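Thanks for making time, everyone. I'd like to walk you through some helix packing and a few salt bridges.

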Amino acid sequence: MIVIKYLLLIVMFGLMATVANGQRSSHFRVVHPQTVDAGDANYVLDLLEHDRSELLQRVSNAGLDVRLPMIEIVLNTTTGDFVAHTGMSSWAAAATKKNKIELQPLALLKQRRILETTLRHELAHALIDTLGNGQTPRWLAEGMAIYVAGEGRRFSLTNSTSAANIEHALATANSVDDMKAAYAAAYHLVQELIRREGENKVWKRLADRSYSVNS
């Protein structure tokens, strides 16, 4: 019986090692399946550290001081795992909640050539959430994240609309096309704000919870 229990413990710890590998940098921890190469995990950490420094500098240029917590990055094994963990649709690339970023499988993001922009987009969400104390309306958060991630070229605008309409569209989108249209509208409204006011003022809007805009 003792031998059987010992063997069971070995099996249990073996399984834990398989699903709970991870690496850490100064400000991030990456949790990933054993199938992810350590070099890829370190590449993710290097990107995040670089983006963190650059984004914090942009916020500092606006006269703001923000302290980001240690952030955990979870590289899911399958799209099914990602959906189960986040409640997001299978076509979403990632999801951020407070100090945790859940990603689709690394191989999938690399295949779609969106790994770098996805990481920057989600880190921007963590920064925006910290600045706005979780109160930032989604149209502003998504539009700003798309802007700082350099994803704007992916979203062409068909019709401009109000912030309230964009907020509703983001909340009710039930297809990839609906979501892309809502993201495009959010991005172009934020882009227009930045054109009129400057990026520094938009960062201050986030910190001051100032969300009123004229379309």
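This is a predicted model: local features need pLDDT of at least 70, side-chain atom pairs count only at pLDDT 80 or more; totals for chains, interfaces and linings use all residues.

Residues are numbered from 1 along each chain as its sequence is written, and side-chain values use heavy atoms, with hydrogens and water left out.

So, helix H2, residues 38–61, packs on helix H5, residues 115–131, at about 45°, with the axes 10 Å apart. Helices here are DSSP runs of H or I, at least four residues, numbered from the N terminus. Axes are lines fitted to C-alpha atoms over the stretch in contact, and angles run from 0 to 180 degrees between N-to-C directions.

Which residues of H2 meet H5? Among them are Leu47, Asp51, Glu54 and Arg58, where contact means heavy atoms within 4.5 Å.

Now the charges. Arg120 forms a salt bridge with Glu54, closest N and O atoms 2.4 Å apart; the term means a side-chain nitrogen of Lys or Arg within 4 Å of a carboxyl oxygen of Asp or Glu. Arg120 sits in H5 and Glu54 in H2, so this pair ties together parts 66 residues apart in sequence. Arg120 is buried at 11% relative accessibility, buried being under 20% relative accessible area with a 1.4 Å probe, protein chains only.

Glu54 also meets Arg58 in a salt bridge, at 3.5 Å, N to O. Shared partners join Asp51, Glu54, Arg58, Arg120 and Glu199 into one network.

Conventions:
Helices (H or I, at least four residues) and strands (E, at least two) are DSSP runs, numbered from the N terminus. Buried means under 20% relative accessible area, exposed over 50%, partly exposed in between (1.4 Å probe, protein chains only).
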